[in-house]
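Q: I'd like to learn how to read the features of a model like this one. Can we go through it together?

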Amino acid sequence: MAARRAPLLVAVLLLHQTVSALAGKSYYEILQVSKGASEDKIKRAYRKLALKYHPDKNPNNEEADRQFTEINNAYEVLTNQEKRKVYDWYGEEGLEQSHGRHSDGDGHAMNIEHVFSNFFGGGSMEEEEERTLKGDDVIVELDASLEDLYMGGSLKIWREKNVIKPAPGNRRCKCRNEIRQREIAPGVFYQMSEQVCDTCPNVKYVREGDFINVDIEKGMQDGQEILFYEDGEPKIDGESGDLKFNIRTARHERFRREGNDLHTTVEISLSEALVGFEKNIKHLDNHAVEIGTKVITKPKEVRKSEGEGMPLYHSNEKGDLYVIFEVVFPKDLTDDQKAKLMNIFI
């Protein structure tokens, strides 16, 4: 019996792997959590992202609207134990067949704002942001090489931060104001606000460090952000801030970037400028770009090589390469050379 079950188990595992491979961006990636994330971790990730991409905060922003919808779809599935189990095994296609795409358990269409409102208890986005205790975000300016921005790359960076550790004793925690009613005379009452706290084990901050890998994607632009969710400074009884790397294009010895285009300067001799030349330049990934010509090249002339610029972010298209030609004139000419030139140009 065990021998009969083995091929079936292998087939199911292969089907699961195939479905996962064919899927696009997973719900876990959308919420920026690992596949084994707890429901509490998923809820905290949803809270942060939903507040960030809410339409009220991003008016007339189609990309933010799209991401807000994706975030709510992902949260609705991953916080439903039955749906999450189906999704983990069979992906979106299996989920659609078993429950219907973007529906609740009864097959009704899911209302994105309803998911958001239920999560935040009907409160406004501003109220929720004020309620959440959060540590400081850590923002780092990251100089990325043109090579990494052209081909994609990864940087290993040392990171130090505070970590919350147990400490001896107890502390006051989860403090809140409660309204108490007291009788100050027979039949006479008054209300007062009183701070009430719980008792929690004591904690302390300890400074620790580790290496993190920062992945740079092809075509990333200056100012674009790489987010490490809750990897900023921690907050006791609250959420950690985020670690954010802001991309900044490092200076390059041969190329200069402007948006999706590249610019470079090439020196040619006076004779090459007059009669033409054959020449290649080495690109950022070492492939050769032909820039030769058979016509006259004027000093400071600019020629464009289409599709030889920077890749566009999350696209197969590329910008253009602009080559500026600097004509190097001879420092001196002999009388014989001058006479020959005069005969040519007269």
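A: Helices (H or I, at least four residues) and strands (E, at least two) are DSSP runs, numbered from the N terminus. Here, L262 has L321 in β11 as its bridge partner. A caution on the source: this is a predicted model, where local features need pLDDT of at least 70 and side-chain atom pairs count only at pLDDT 80 or more, while totals for chains, interfaces and linings use all residues. Residues are numbered from 1 along each chain as its sequence is written, and side-chain values use heavy atoms, with hydrogens and water left out.

Q: In which sense do β7 and strand β11 pair, and over how many bridges?
A: Parallel, over eight bridges, with β11 covering residues 321–328. On another side of the pairing list, β7 (residues 261–269) also goes with strand β6 (residues 255–258), this time in the antiparallel sense over four bridges. R257 has its bridge partner in β7, namely L262. As background for looking at such strands, side chains in a regular strand alternate between the two faces of the sheet.

Q: What do β6 and β7 form, and how many residues are between them?
A: They form a hairpin with two residues between them. Check the turn for G259, which has a positive phi of about 65°.

Q: How many disulfides does the structure hold?
A: A disulfide is called when a pair of cysteine sulfur atoms lies within 2.5 Å. The structure holds two. One joins C173 to C200, with S to S at 1.8 Å. Its 65° about the S-S bond makes the link of C173 and C200 right-handed. C173 sits in strand β2 (residues 153–185) and C200 in strand β3 (residues 188–216), so this pair ties together parts that are 27 residues apart in sequence.

Q: And which cysteine is joined to C175?
A: That's C197, with an S to S distance of 1.9 Å. C175 belongs to strand β2 and C197 to strand β3, 22 residues apart, so the pair links distant parts of the chain. The torsion about the S-S bond of C175 and C197 is about 115°, so this disulfide is right-handed. Counting bonded cysteines along the chain, the pattern is 1-4, 2-3.

Q: Are C173 and C200 buried or exposed?
A: The cut-offs are under 20% relative accessible area for buried, over 50% for exposed, and partly exposed in between (1.4 Å probe, protein chains only). Both C173 and C200 are buried. C175 is partly exposed because its relative accessible area is 39%, and C197 is partly exposed at 22%.

Q: Which residues make the nonpolar surface patch?
A: Patch residues have over 30% relative accessible area and no salt bridge; like charges are joined within 9 Å, nonpolar side chains (Val, Leu, Ile, Met, Phe, Trp, Tyr) within 5 Å. A salt bridge is a side-chain nitrogen of Lys or Arg within 4 Å of a carboxyl oxygen of Asp or Glu. Areas come from the Shrake-Rupley method with a 1.4 Å probe, and for residues only the protein chains shown count as cover. Here L274, V275, I296, L333, L341, I344 and F345 make a patch of about 680 Å². The largest share, three residues, comes from α10. I344 is found in helix α10, and I344 counts as exposed because its relative accessibility is 59%.

Q: How many helices and strands does the chain have?
A: It comes to 10 helices and 11 strands, and buried residues make up 34% of its 346 residues.

How values were computed. Two strands pair if DSSP finds at least two bridges between them.
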